[in-house]
Amino acid sequence: MPREKGRKVVASHKRARHDYEILDTYEAGLALTGTEVKSLRAGRASLVDAFAQDRGRELFLYGMHIPVYDHGTWTNHEPRRTRKLLLKRLEIDRLVTRVRENGLTLVPLQLYFSDGWAKVEIGLARGKKAYDKRQDLAKRDAQREISRELGRYRKGMR
């Protein structure tokens, strides 16, 4: 059977960019069991309450929900188990020092298959205050209105 090509998104955390200011993004592999991969290939996962944290000299993903595989047997996985992130040692050390020094957090942004391998995009993030969120919404609304007016102008409606 030929290997998959390209990128197939399974789940994305849409509120992460609203709640956090994403400073940097990294692509990490995931250590998964067989039924977890089958459940992901069926397009079932949730990143809503997930976060990454270091334990020892490794990074782990907590709170990601991968539902139990329907056709699995007694070998099925735990839906919210802790999963190990697969990164290079240099990347792990860099992330851990930045998280500990600057009070940042690691948030999963997207879960996808890249050329057949399960990957997660994690973002180095700083939490936003309520007024930052309001400013971002106001900027987005203003930009949307500008693009509408520009479109009307180009069509000759104004």
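Buried means under 20% relative accessible area, exposed means over 50%, and partly exposed is in between, using a 1.4 Å probe and protein chains only. Hold on to that, and here's the background. What we're looking at is a predicted model, where local features need pLDDT of at least 70, side-chain atom pairs count only at pLDDT 80 or more, and totals for chains, interfaces and linings use all residues. Residues are numbered from 1 along each chain as its sequence is written, and side-chain values use heavy atoms, with hydrogens and water left out.

Okay, rings. Two rings of Phe, Tyr or Trp (its six-membered ring) pair if their centres lie within 6.5 Å; planes under 30 degrees apart are stacked, over 60 edge-to-face, and the rest tilted. How many aromatic pairs does a search of the whole structure find? One. It's phenylalanine 51 with tyrosine 62, and they're stacked, with 5.4 Å centre to centre and 20° between the planes. Phenylalanine 51 is in strand S3 (residues 51-55) and tyrosine 62 is in strand S4 (residues 58-62), so the pair links distant parts of the chain, 11 residues apart. By the way, strands are DSSP runs of E with at least two residues, helices are runs of H or I with at least four, and both are numbered from the N terminus.

Are those two residues buried or exposed? Tyrosine 62 is buried, because its relative accessible area is 17%. Phenylalanine 51 counts as partly exposed, because it comes out at 33%.

Rings can also have a charge over them, which here means NZ of Lys or CZ of Arg within 6 Å of the ring centre and within 35 degrees of the ring normal. Arginine 55 puts its charged end over the ring of phenylalanine 60, 4.1 Å from the centre. Arginine 41 does that with phenylalanine 113, at 4.3 Å from the ring centre.

Now the strands. Two of them pair if DSSP finds at least two bridges between them. Let's start from strand S6 (residues 105-114), which is mostly covered: nine of its 10 residues are buried. On one side, strand S1 (residues 7-12) is joined to S6 by five bridges, running antiparallel. Arginine 7 has serine 114 as its bridge partner there. S6 is also joined to S7, antiparallel again, by nine bridges, and glutamine 110 stands opposite glutamate 121 in S7.

Then S7 (residues 117-127) pairs with strand S2 (residues 20-30), antiparallel, over nine bridges. Look for tyrosine 26 standing opposite isoleucine 122. S2 also pairs with strand S5 (residues 83-86) in the antiparallel sense, over two bridges. Glycine 29 is opposite leucine 86 in that case.

Where does aspartate 115 sit? In the loop between S6 and S7. That hairpin has two residues between the strands, and aspartate 115 has a positive phi of about 55° although it is not a glycine. It counts as partly exposed, because its relative accessibility is 36%.

Next, arginine 83, which belongs to strand S5. Buried or exposed? Buried, because its relative accessibility is 0%. And its side chain has polar contacts, meaning pairs of N or O atoms within 3.5 Å; within protein, one must be able to donate a hydrogen and the other to accept it, and residues adjacent in sequence count only if both atoms are side-chain atoms. A polar atom of the arginine 83 side chain lies 2.8 Å from the backbone oxygen of arginine 81, and one lies 3.0 Å from the backbone oxygen of methionine 64. If contact means heavy atoms within 4.5 Å, then arginine 83 touches residues including Leu30, Glu36, Phe60 and His77, leaving out those up to four places away in sequence.

Compare that with histidine 65, in the loop between S4 and S5. Histidine 65 is partly exposed, because its relative accessible area is 25%. Leaving out residues up to four places away in sequence, histidine 65 touches Ala45, Ser46, Pro79 and Arg80.

Last stop, helix H4 (residues 130-155). It has 26 residues and reaches 38 Å from its first C-alpha to its last, close to the 38 Å expected, where the expected span is 1.5 Å times one less than the number of residues.
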